[in-house]
Amino acid sequence: MSIRIRGNFILRKRNASFSIACISKMCRYSTLFEYTIIVLLAAFAGGTLMDDHQQVAPPVDRQINALEDLISQNNEKLLKLEDRIEADKSELIEIQADSCEVRIAKKDVELDACQAQAKSDAARLKDNERQISDLVYNLTYCQITSVDWLDQSKTGKIKAAGEVEQTTEVNLGLTDKDREILDLQRRYEEQLKELQAARSKLKAYENQFDEFHPSSCLPFGSTTGIYKIKLPGMESFYAPCDSRFAGSGWLVIQRRMDGSVNFFRNWTDYQRGFGALTGEFFLGLEKLHRLTSESTYELYVHLEDFEGDVRYAHYDNFSIGSEQTSYELSSLGNYAGNAGNSMGLNVLQKFSTFDNDNDAWPDGNCARRYHSAWWYDACAAFCNPNGKYFKKRKLDWNTRGKGIIWHHWHGFEETLKFVQFMIRPISRSHY
Ligand SMILES: [Ca+2]
């Protein structure tokens with residue numbers, strides 16, 4: 001039995017041989033001692049260690065040591081190889097894993113892209129479908145419209161033909177109507193002329209008849225109402241005739257009863273007259289002048305206070321001057337009655353309003369002072385029937401004398417509830 005070891009060696013046995021890989025494997029997992037035992041066993045088993053080049057046989061210990069060194073070196077190399085293999089395996093696994101993930105990610109991206117493309121295509125397809133639908137609708141509408149238009153054109157042509165005929169008929173009818181209208185206008189103008197002629201005749205008759213209207217209330221007897229009065233040289237006018245207080249034939253020239261009419265008025269109003277003949281009014285200075293110029297008139301003043309008492313004053317020659325005399329109270333005549341002669345001081349006084357001061361008070365305006373209009377002298381104002389209407393009997397310091405005053409009955413401190421001036425011709429034969 002011999003053992004020869006040098007560099008890379010081969011362990012040979014007559015009936016069995018061990019490759020160096022097998023031996024190295026065994027050495028990795030055994031101690032040096034064990035390895036030694038194995039080598040010895042191999043030697044004793046009849047194996048031969050042969051060096052291919054030399055047949056030198058070093059001492060056993062040295063050979064063992066060298067063998068041990070060689071084994072140790074191989075072991076280290078093997079360990080490194082194994083570590084490298086393990087590392088390569090891990091790297092390979094990681095590479096494989098990374099590769100899969102990358103590919104999966106790529107596939108995901110591709111999938112997303114495909115999905116997005118699919119969505120885009122679907123949207124575009126839907127849009128195309130909508131456009132096609134719109135086109136179809138428009139086309140259908142155009143077809144229908146065209147058909148309708150054609151129908152209307154046909155109908156229009158037919159109608160137009162009919163309308164031409166109708167227009168011709170209408171024009172003929174209009175010509176007839178125009179002729180009728182002209183005829184009616186001519187007849188209307190003729191009738192208008194006849195009417196105007198009739199009115200002129202009527203006016204003439206009225207003027208003739210006016211001459212028969214009475215110039216006083218005497219002809220109306222004991223009736224009470226509003227009648228037309230006609231005086232020479234002036235238009236007829238209406239006036240109340242009142243037989244309730246002093247017999248028949250009295251023509252009312254002034255009335256106060258409820259304060260419904262403002263009596264604080266200007267000259268023109270008093271000249272023309274104002275108010276309501278059925279209520280409060282003043283007949284007018286010009287009428288008074290004309291009336292009293294025609295005949296001798298008597299004046300009756302009816303008075304009522306807030307206690308219900310009634311008084312009167314009667315004058316037998318009431319006369320008013322012309323506008324040139326400022327409608328002077330030219331005459332009153334004799335007084336009679338139970339109210340007192342409060343009007344006596346007004347005789348020969350001119351009429352005054354707040355805007356036409358004709359009174360005898362050089363320093364003031366009596367009409368303004370007593371809130372009225374009358375034949376004032378120097379503002380004695382014992383009679384103030386055109387004053388302010390108060391709805392209570394007593395007057396205070398500020399309103400004293402400014403109410404409806406008949407001083408000889410209630411003084412300046414009390415106003416009256418009702419007053420009415422009436423005139424009547426003295427001569428019963430005056431109509
Ligand atoms: Ca004066």
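Is Tyr-270 buried or exposed? Tyr-270 counts as buried because its relative accessibility is 0%; buried means under 20% relative accessible area, exposed over 50%, and partly exposed in between, with a 1.4 Å probe and protein chains only. The model is a predicted one, in which local features need pLDDT of at least 70 and side-chain atom pairs count only at pLDDT 80 or more, while totals for chains, interfaces and linings use all residues. Residues are numbered from 1 along each chain as its sequence is written, and side-chain values use heavy atoms, with hydrogens and water left out.

The protein chain has 431 residues, and buried residues make up 32% of them. It contains seven helices and 14 strands; these are DSSP runs numbered from the N terminus, helices being H or I with at least four residues and strands being E with at least two. Of the contacts in the chain with a separation of 6 or more, 56% are between residues 24 or more positions apart, where contact means heavy atoms within 4.5 Å.

The largest nonpolar core has 56 residues. A nonpolar core is a set of buried Ala, Val, Leu, Ile, Met, Phe, Trp, Tyr and Cys residues joined through side-chain atoms within 4.5 Å. Leu-299, Met-343, Trp-406 and Phe-421 have the most contacts inside this core. Strand β8, residues 297-304, gives the most to the core, with five residues. Apart from neighbours within four places in sequence, Phe-421 touches a set of residues that includes Leu-251, Val-252, Ile-253, Leu-299, Tyr-300, Val-301, Met-343 and Trp-406.

Aromatic rings form another part of the picture. The structure holds 19 aromatic pairs. Rings of Phe, Tyr and Trp (its six-membered ring) pair if their centres lie within 6.5 Å; planes under 30 degrees apart count as stacked, over 60 as edge-to-face and the rest as tilted. Trp-250 and Tyr-300 form a tilted pair, 5.6 Å centre to centre with 50° between the planes. Trp-250 lies in the loop between β4 (237-241) and β5 (251-256) and Tyr-300 in strand β8, so their pair ties together parts that are 50 residues apart in sequence. Trp-250 is buried because its relative accessible area is 1%, and Tyr-300 counts as buried at 11%. Tyr-270 and Phe-274 form an edge-to-face pair, 5.0 Å centre to centre with 85° between the planes. Phe-274 is buried as well, with a relative accessible area of 8%. Tyr-270 and Phe-274 also belong to one aromatic cluster, whose members include Phe-263, Trp-267, Trp-374 and Phe-421.

Charged groups meet some of the rings. A charge sits over a ring if NZ of Lys or CZ of Arg is within 6 Å of the ring centre and within 35 degrees of the ring normal. The charged end of Arg-256 sits over the ring of Phe-263, 3.9 Å from its centre. Likewise, the charged end of Arg-369 sits over the ring of Trp-361, 5.3 Å from its centre.

Which residues coordinate the calcium ion? Asp-357 and Asp-359 each supply two OD atoms, and Trp-361 and Gly-364 each supply an O atom, at 2.0 to 3.2 Å. Donors are N, O and S atoms within 2.8 Å of the metal (3.2 Å for Na, K and Ca); water is not among the atoms, so sites may look incomplete. Along the chain the donors follow the spacing D-x1-D-x1-W-x2-G. The arrangement is irregular because the six donor atoms subtend angles of 44 to 163° around the ion. Trp-361 counts as partly exposed, at 26% relative accessibility, whereas Gly-364 is buried at 13%.

Two loop residues have a backbone feature of note. Most residues other than glycine have a negative phi. Ser-326, which is not a glycine, has a positive phi of about 60°. Ser-326 lies in the loop between β9 (310-320) and β10 (329-331) and counts as buried, at 13% relative accessibility. His-371 also has a positive phi, near 50°. His-371 is placed in the loop between α6 (366-369) and β12 (383-384) and is partly exposed, with a relative accessible area of 25%.

Technical notes
Four donors count as tetrahedral if all angles lie between 85 and 135 degrees; four count as square planar and six as octahedral if opposite donors are over 155 degrees apart and all others between 65 and 115; anything else is irregular.
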